[in-house]
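Here is a quick tour of a few features worth a look in this entry. Have the viewer open as you read.

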Amino acid sequence: MTHAHRRARRTAAAALALALTGAATATAVAGPASAAPPITRPAPGEGVMSYVVNTDATPAAVARVRVAVARAGGSTVVDYPEIGVVVARSANADFRDDVLAGHFSSLVDSVGPTRTVPVVEGVPGRWRGPGRGPQRPEMRDLLTGDASALGGAAALGVVDATAVDEPVEAVQWDMAAIGADEANAIEPGSPDVVVGVLDDGIDDSHPDLAGQVDRSLSGDCTGGGRFDGSEGAYLPFPGGYHGTHVAGTIAAKRDGQGVVGVAPGVTLAAVKVVSAEGFIYPESAICGFMHAAEEGFDVTNNSYYVDPWEFWCDDEVSQAAAREAVTRAVAYAESQGVVSAAAAGNSAYDLADKTTSSSSPNDGSGAIADRDVRGCVDMPTELPGVVTVSATQQDGARSTFSNYGVGVIDVAAPGTRVISTIPQSILPSGYAALSGTSMASPHVAGVLALLKTTHPDATPAELRALLEEQATDVPCPATPYAGQPCTGSPQDNGYFGEGLVDALAAVTVS
């Protein structure tokens, strides 16, 4: 299926979804109603906070909420009538209360901040409004900025980073473990299958990634949650490497040198959701999922958790609205045919038995000790429909850092000392071995891409079912890690879920 056909399918499906929810016409997919006040360009600054306002998923409701935002002293950054979400900024300390007390308060489902500190990032001039249309920048070589070290490694959850002098496919233990080396020799994946890498960008000047990224589908969501598809916007900020490593695991090309991805024949799209400061705020994640839906991606990989809360609670005003907005975006993307894989996290935490957490918020206002997180969720990995991925090491054991939890982990994949691509501006070799559930999730995204290739008409739910059915069962170890119980059956347990993903089965089992 061509990208044009995919986009047409997405537009038709969106029109049907809007009709079923009471929207009048399909033209509402493009943006807010023309009667709404103009979008301004709110700037960062002292005391300027970011918010989401949730309302009915109709253009009329969103237009009125934008008026409510303005009357409360705020400015709309971007809105999504498809899911009834408005992203706004305001320096008014009483913004939330004023919106809830305003003339259109009956239309407001929830309103709340997306972070605990003032915004520092600006907003690009371009947005997703009526008549925007996809830009198609001229293709040319683009280079990343200078960088000399793996900056931000701790924030990204990287456990280990080691340069590899002579990377070759033969040392990719991870690919052999899931049968990817055999699988992509049979079926490398279709170029019509698009995998969106929601991360910190992709350096597609790397020899193994050159030509693998569709720049016309790529861009930057970190400008306050407004998508920027201008030329080169998808490239990593100086020092960024995470998305490039993830991309190589998914689809590094088979060219007789370097490394090979799980599905080297598929198309990558780089959607930057990690800010220059290293945060993935809700508005950026929302933008990423909505862009994936708008452009008809087939798969997304999400090797992160949404900041500033490791676990988002729906009974706290500081988190409930943003949790709801991200949940809506993920659900909408799935309704448009997007299946998503996400890292389970690197805290060695039992996601099925949450108690307290002292890790959040992490954006500068100070973490809260022993916060009660019962009933709270790690976003996006614990949201409905998302494939939650734990990590394994070369001997087949669960990686010591990996989160776990019976009924939460869906599948497992290699995540310890995974060799993949890295910007040569950071390591001249262009390769590094990194560890984390961030490294496990892209293996699953690659297998999902192979399944979409062999089952092009499969829905996201059907792809998830195939993924789990074909996974290789891994029973709980005889001696689980101390204080980290492994419960469940050999077919489905808290360490490995339904088992280790199987790339070979994805291309050989009907």
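## Helix α7

Keep in mind that this is a predicted model.

After α7 comes G296, which has a positive phi, near 70 degrees.

Strand β14 spans residues 387-392 and is mostly covered, with six of its six residues buried. In a regular strand, side chains alternate between the two faces of the sheet. Here V387, V389 and A391 point one way, while T388, S390 and T392 point the other, and all are buried.

β14 has a parallel partner in β11 (residues 339-343), with three bridges between them. In that pairing, A342 has T388 of β14 as its bridge partner. β14 also runs parallel to β15 (residues 411-414), joined by four bridges, and here S390 stands opposite A412 of β15.

## The disulfides

The whole structure holds three disulfides. Counting bonded cysteines along the chain, they follow the pattern 1-2, 3-4, 5-6.

Let's start with C221 and C287, bonded with an S to S distance of 2.1 Å. This pair links distant parts of the chain, 66 residues apart: C221 sits in strand β7 (residues 219-223) and C287 in helix α7. The torsion about their S-S bond is about -70 degrees, so this disulfide is left-handed. C221 has 0% relative accessibility and therefore counts as buried; C287, at 2%, counts as buried as well.

C313 and C376 have their sulfur atoms 2.0 Å apart in a disulfide. C313 lies in the loop between β10 and α8, and C376 in the loop between β13 and β14, so the bond ties together parts that are 63 residues apart in sequence. With a torsion of about 100 degrees about the S-S bond of C313 and C376, the disulfide is right-handed. Both C313 and C376 are buried.

That leaves C476 and C486, with 2.1 Å from S to S. C476 and C486 are 10 residues apart, each in the loop between α10 and β18. The S-S torsion of C476 and C486 is about -75 degrees, so this disulfide is left-handed. Is C476 buried or partly exposed? At 23% relative accessibility, C476 counts as partly exposed, whereas C486, at 13%, counts as buried.

Key:
Residues are numbered from 1 along each chain as its sequence is written. This is a predicted model: local features need pLDDT of at least 70, side-chain atom pairs count only at pLDDT 80 or more; totals for chains, interfaces and linings use all residues. Side-chain values use heavy atoms; hydrogens and water are left out. Helices (H or I, at least four residues) and strands (E, at least two) are DSSP runs, numbered from the N terminus. Buried means under 20% relative accessible area, exposed over 50%, partly exposed in between (1.4 Å probe, protein chains only). Two strands pair if DSSP finds at least two bridges between them. A disulfide is a pair of cysteine sulfur atoms within 2.5 Å.
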